[in-house]
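Please look over the sequence and the model below before reading on. The briefing that follows is grouped by topic.

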There are 2 protein chains.
Amino acid sequence: MVIALAFLIVVLAVSKADVQQTWRSMGEVLGASADTDWRDIEPQNLLYMELDSGMIIIELAPQFAPRHVENLRKLVNAGHFKDASVKRSQDNYVAQWSGSGPLGEAKPGLLPEFYRDAKSLDFTPLDSRDAYANEVGFVTGFPVGRDSATGRAWLSHCYRMLGAGRDTAADSGNAAELYVVTGHAPRHLDRNVTLLGRVIEGIEYLTTLPRGSGPLGFYEHENDYVKIRSLRFGTDYDSGWQALRTNTDTFQALVAARRHRNEEWFIDPAGAIELCNVPLPVRRVE
Amino acid sequence: MVIALAFLIVVLAVSKADVQQTWRSMGEVLGASADTDWRDIEPQNLLYMELDSGMIIIELAPQFAPRHVENLRKLVNAGHFKDASVKRSQDNYVAQWSGSGPLGEAKPGLLPEFYRDAKSLDFTPLDSRDAYANEVGFVTGFPVGRDSATGRAWLSHCYRMLGAGRDTAADSGNAAELYVVTGHAPRHLDRNVTLLGRVIEGIEYLTTLPRGSGPLGFYEHENDYVKIRSLRFGTDYDSGWQALRTNTDTFQALVAARRHRNEEWFIDPAGAIELCNVPLPVRRVE
């Protein structure tokens, strides 16, 4: 009995040491990352949106929404967003903007891109019970739901995600009306709206906007609208961005770090993590 | 074959009609609620926090954190929060405040109330796969996790929840340092910090505060601090508040409404809902 207890203590001691070796902090994981763990974000997939308060930078996701990304390009090039402004800020939900310029070569409505064929996607699964999807994970740095029964995959409405607003008709969105999720993930919108990107920098300039007093958080008076100074692609800027590859051991170590929290402050680490709580690191490169 | 198809169509038609009868909208559910579906929030469990921008109203949860709620009462009565201010706003995480007045009869540290015995709690389960807890649900209008193996129940870190900050020691919190969740639910904090309430009104005045530029979102300069004009209990105010009882058929209908979304706009209703996406309605009574 005494021997058994002593043995147990040794086992516990080893497993504790093991824990501390295996589960590093997020800072340690990123500090030890190799350059090959990072991918360059193509400048044409970066969208810079400037408010008076600061710059918001978005990575677009043409692999999930090619039609919407292409239409957005045409809208920007046509000067559609020249006098654009944020017209809606609904608490714990979304901030939404739109312009009033010409459509140019852009289409007024698009076939929806609520989901796509999951085949040929490099999907990194996340081991997590999810309320909304049978399977969740990541594709090139974006949070994704997947269903093997239907063979579909879709971007998930986590904080930071960029969507294309639509009316009741499924094909009424065209990326001229855009929103960003600024609250707790409204995952019930998944597969009901086309998501086409993710804010990688400056989301706080959207999240901290005053809430609109009208229905759905729309600003009731035009002089409450928040002016968008400019909306441009990354090809207009010198500095570039990299995102941590999500199909790497480094990303797995990062997920483990956030799942197990070996920091001394944690008394009862969750040992679990939810899709939208997984950080998706980016870094600026000059 | 033709008959089978015709039969199938009839079945589908019936089930669609059925859906629309059973799953009302949230507005319809609340509109049809009876007065007995609502409970009065006791004025001594309401905390009014006034900023220059507006009033934030919190319901305290003494059934989960009796020691922290009692200590908070003593701190307020001792004038501890007289010159209090919000000193931290971290994006997608928390806003945090503290005072510098006397402790009075309040204790400098408290035994933690990270969880409580689940027995004797009127727990209304939510049928939902949850990443963090084996079982989730509601107790008197608060989001709760439960584990039948340990017999424990705890308040969950959803948007709006009020917590008592602590240092590394489990008993270093005393409700003098308070935070509210202003981002996507950081559920990994569950059972690691004492939660003691929930913002029922005005949370946008916290969520829209400028983010602090220091580590963890702390404001780096004292003149960035956001002054708290006053912190008072509901006993000082005339108007009262009611919360929808979560152990009622009306609440079940509301959860069903949000799970199934019969509004025409939804093309592919989720049929699922996550703990922190369930609305917990309140109403003002004069």
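This is a predicted model: local features need pLDDT of at least 70, side-chain atom pairs count only at pLDDT 80 or more; totals for chains, interfaces and linings use all residues.

Through how many residues does a hairpin join β2(B) to β3(B)? The hairpin that links these two strands runs through 3 residues.

**Strand β3 of chain B and its partners**

- Strand β3 of chain B, which covers residues 55–60, is mostly covered, since 5 of its 6 residues are buried.
- On one side of the pairing, strand β2 (residues 46–51) of chain B runs antiparallel to β3(B) and is joined to it by 5 bridges, and within this pair B:M49 stands opposite B:I56.
- Strand β13 (residues 194–201) of chain B also runs antiparallel to β3(B), here with 4 bridges, and B:E59 has B:R198 as its bridge partner in β13(B).
- Leaving aside residues up to four places away in sequence, B:V199 touches B:I56, B:I58, B:R160, B:L162 and B:V180, and its C-alpha lies 8.7 Å from that of B:L60, although the two are 139 residues apart in sequence.

**Strand β11 of chain A**

- From strand β11 (residues 161–164) of chain A, A:M161 and A:G163 point one way and A:L162 and A:A164 the other way, and all of them are buried.
- β11(A) is joined by 4 bridges to strand β13 (residues 194–201) of chain A, with the two running antiparallel, and A:L162 finds its bridge partner in A:G197 of β13(A).
- β11(A) also pairs in the antiparallel sense with strand β12 (residues 177–181) of chain A, over 3 bridges, where A:A164 has A:L178 as its bridge partner.

**The nonpolar core**

- The largest nonpolar core has 150 residues, and those with the most contacts inside it are A:I58, A:V180, A:L196, B:I58, B:V180 and B:L196.
- Apart from residues up to four places away in sequence, A:L196 touches A:L60, A:A61, A:A65, A:H68, A:V69, A:L162, A:A164 and A:A175.

**Two residues with positive phi**

- A:N92, a residue other than glycine, has a positive phi near 60 degrees and lies in the loop between β4 (85–89) and β5 (94–98) of chain A; A:N92 counts as buried because it has 22 C-beta neighbours inside 10 Å.
- B:L216, likewise a residue other than glycine, has a positive phi near 60 degrees and lies in the loop between α4 (204–207) and β14 (226–233) of chain B; B:L216 counts as exposed because it has 10 C-beta neighbours inside 10 Å.

**How the two chains meet**

- In the contact between the chains, 36 residues of chain B are in contact with 36 residues of chain A, and the side of chain B that touches chain A has 15 nonpolar, 10 polar and 11 charged residues.
- Chain B can be laid on chain A with an RMSD of 0.0 Å by a turn of 180 degrees and a shift of 0.0 Å along the axis, which is the relation of a two-fold axis.
- The copies meet through the same surface, because 100% of the interface residues of chain B are also interface residues in chain A.

Conventions. Residues are numbered from 1 along each chain as its sequence is written. Chains are lettered from A and ligands numbered from 1 in the order in which they are written. A residue is buried if 20 or more other C-beta atoms lie within 10 Å of its own, exposed if 12 or fewer, and partly exposed in between; C-beta atoms are placed from the backbone. Two strands pair if DSSP finds at least two bridges between them. Two residues are in contact if their C-beta atoms, placed from the backbone, lie within 7 Å. Ala, Val, Leu, Ile, Met, Phe, Trp, Tyr, Cys and Pro count as nonpolar, Asp, Glu, Lys and Arg as charged, and the others, Gly among them, as polar. Copies are superposed by least squares on the C-alpha atoms of residues with pLDDT of at least 70 in both. A nonpolar core is a set of buried Ala, Val, Leu, Ile, Met, Phe, Trp, Tyr and Cys residues joined through C-beta atoms within 7 Å.
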